Amino acid sequence: METRVLPQARRGIARASQPWRRLALGAAIAIGLVAAAPLSAQAAAPAACAALQAKYPDWKGKTLVNAINPHTPGYETIDPKDPSKYIGFDIDLGEAIGECLGFKLTYKPVTFAALLTTLAAGQADIVISDIYATKERAKAADFITYSKVFDGVLVAKGNPKGINGINMSMCGAAAAENTGYVEVPLIQALMPECKKAGKPEPTVQLYDNNANCIQAILAGRADTYVNDVNTVDSAVKAYPDKLEKAIAVTIPYSVGIAVPKDKPKFRDAVLAALIEVQKAGTHMELLKKHGLDVNNFKEPDILTAD
Amino acid sequence: MSLFLHYLSMPYLLEGIELTLEVTALGLGGGLILGLILAGMQLSRFWLLAAIARAYTVIFRGTPLILQMVFAYDALPHIGIKLPAVLAAGLALACNEAPFIAEMLRAGVLGVDRGQVTAGQALGMTPRILMWRVIAPQAIRTMIPAFGNEAVSALKNSSLASVVAVQELTLRSTQLASSTFDFFSIFFASGLLYLVLTFAISVIQLFVEWLLDLDRAQGRERKLADYLPWRRVDLATRLELAEATAADPEPVAAEQLAETPPLALTREERTRRAATIARNNIAVEAKDLTKRYGAQKVLGGLDLTVRVGEVVALLGPSGSGKSTLLRCINHLESWDAGTVRVGGRRLGFDDDGKLLSPRAMANERATVGVGMVFQQFNLFAHLSARENIAGPLRWVHGMTRIDADRRAAELLERVGLTHRADALPRHLSGGQQQRVAIARALAPNPSVLLLDEPTSALDPELVNEVLEVIRRLAIDDGLTMIISTHQIRFADEVADRVAFLSGGVIIEEGPAHEVLTNPRNPLTARFLSVMEADKIPEAVR
């Protein structure tokens, strides 16, 4: 099987200083906007897409299944106004890519941990669901990376435990996380360090989706929830009296589109289409439309297992 | 509150109910089919089938449903079976429900009185007919509450289909909660929707229980129970059933039985009878019959010959082998050595002496015609008196409903129970039940009637009505009968010959009156004197 690991795959990681405050409005606004504003994303250049469809004709006119974990406001959730639809940046981006290659998408909502198994089982054709592309995950699927990762640290109002990142300030804290999230091993890695420093170890509570993690903090069961900054912002927006974002942290990953390992041709087609979508400015437009930080923008790379 | 109502009436959530019900229905329906197969395998006489079913039960009852869901959804595609999400979830739920339903079915089947099963076998019912006509209808009634439980649990378990992307109620609720942050309003609303569904199941369960209630003695409309293939009830008489119970001392029967001939035959008649019988063919012949239960010997090389028209009474202490001998004659029980012939045929063996299958044996019992009456009556509890008699005629002997009903009416009249034709066995007194049981055994015109302590379970005042019926069979009909009994006086009156059993062999036999009045074996003498201390024979002439 063909594998290409581009040097950029690991780049763009150490850019921590972001204008986080600007994101405070977050996706909750986006949710409102999306329903009101007509879809403004421009289609990618018709000529280039026509050429791609000629080069990769296998998916033209097809309807593919996109497995998503629709619990991430701004990226993918159901539309509260019309729950039969999904909305968010990932949804629009996927459809822009599909439009360029000539396929349509339907959605299959699964738990986060089941995204890649669903893909591997052939129950889905593609996963565009704010999933971080890691070497570990690349054993299960090939990734086309498209976004940088900025995490926020969600805490109770007033940050009673004084948590300021995935660091020694988390010793003794209870962290809520989603099963399968990359933050889980990062927090687990703190355990021996805290012990060495003579402090109590942090504990990790695993849940099924963002809503449950946020509820864990609201219920006083967990002290913090580290996740995509946009998710954190929308939680703060929803419960401004009870929650706050302590700080933003950098996570050394990129967000990626996952495709089956045994379909390198499809992977290449999606990569090519994403490049066209970016060239046309659609990617940037969608970030703005959904109230996401334009600094998330990243030129695509491919990440495979080796 | 308004948010709660908003979500409660939200079409998006309500549509989720449809998928919830689909998965539940697939799970329950599939589970029932699989459960039937599993229960059948577990009850099978082939040990391999039973072992496979056991293994399946261990695996699917012992692993979490959520794993089975993921397996059906994500693992099966790797071997080329890619089911849509709803089907995959339904399959997993069905596979998971099956062992539970199978255990329910098995408990229901095993819960049916063994005596009724034996009675069905004795009537020549094949295992299939027995299951369908006797066991299933009674088992189903007892299983309905358990099945209601299972349905509620399946409905709740269907929420696990959310892990395999089935857009049912739970998945819709969690997605909605994620996009709106109205966590509690949404989950209270979906919780209430689940409650409504489970409540509906409870209502259905109670309704079905009510429909199948045999004692429900009201209403003009025909009940579901009456449409079931195993049950016909004359509605016109239903109303009296509950009142006309055993408390009714039954004047009709008393007057019918009053016109009996004198209690016993005179000595001359006996001699004449004996001479006739001696010329008759052999009806039943047991040779060197041996049987043990483990270390205990039940039959020790027993020989017995009964001629056509002869009435033989088997006497002897409990455990002497009387019942076992009777049960061997129609092959309800197997034995270790020796032969039994009924009408010259080795019942239960083919021409080469090989044991027949249960089905073939049932058919042979029906053709050879060995009726049997049991100590505990063993009437089919869910059938009316008439149906107890007519049913087997239709199912085993292929009689039409009209003919079978006519025959049943005829026999009920003979045992003086025409007025109780529509009563259920539990509404009859012991004596009445035993009379129905005798009528049932006589219905197919058996060549031999075996009676296993027919009066032992009866209250003393009810003994006579049953003995009277048997007496008339012997005297009026000339039916060949083998009766095990403790009623010395009755044996003397009715039997041509008595055989005294002890330790699995016949230690003394001979003309009834002779043996009973003048026993030669000291064991016989002692047994008789003990029995006579209770009851003094008085009416023998």
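Two strands count as paired if DSSP finds at least two bridges between them. Strands here are DSSP runs (E, at least two residues) and helices likewise (H or I, at least four), numbered from the N terminus.

**Ground rules.** I'm looking at a predicted model, where local features need pLDDT of at least 70, side-chain atom pairs count only at pLDDT 80 or more, and totals for chains, interfaces and linings use all residues. Residues are numbered from 1 along each chain as its sequence is written, while chains are lettered from A and ligands numbered from 1 in the order in which they are written.

**Entry 1, the sheet.** I began at Asp452(B), which stands opposite Ser484(B) in strand 7 of chain B. Strand 6 (residues 448–452) and strand 7 (residues 480–484) of chain B run parallel and are joined by five bridges. I then traced the whole open sheet in chain B: six strands, order 5-6-7-3-8-9, with mixed pairing. Which strands stand at the edges? They are strand 5 (370–373) and strand 9 (505–511) of chain B; each has a single partner strand, so one side of each has no neighbour in the sheet.

Next I checked helix 19 (residues 460–477) of chain B. Its 18 residues reach 26 Å from first C-alpha to last, close to the 26 Å expected at 1.5 Å a residue (the expected span is 1.5 Å times one less than the number of residues). I listed its buried residues, among them Val466(B), Leu467(B), Ile470(B) and Leu473(B), and also Glu465(B) and Glu468(B). Buried means that 20 or more other C-beta atoms, placed from the backbone, lie within 10 Å of the residue's own.

I noted three domains in chain B: domain 1 (2–217), domain 2 (233–262 + 375–445) and domain 3 (263–369 + 446–540). These bounds come from an automatic or database domain assignment. The C-alpha centres of domains 1 and 3 of chain B are 51 Å apart. How many residues of each are in contact? Seven residues of domain 1 of chain B meet eight of domain 3 of chain B, a contact being C-beta atoms, placed from the backbone, within 7 Å. On the domain 1 side, helix 6 (residues 114–122) of chain B gives the largest share, three residues.

I counted 10 helices and 12 strands in chain A. Of the 306 residues in chain A, 52% are buried. Among contacts in chain A with a separation of 6 or more, 78% join residues 24 or more positions apart.

How values were computed. Contact = placed C-beta atoms within 7 Å. Buried ≥ 20, exposed ≤ 12 C-beta atoms within 10 Å, placed from the backbone.
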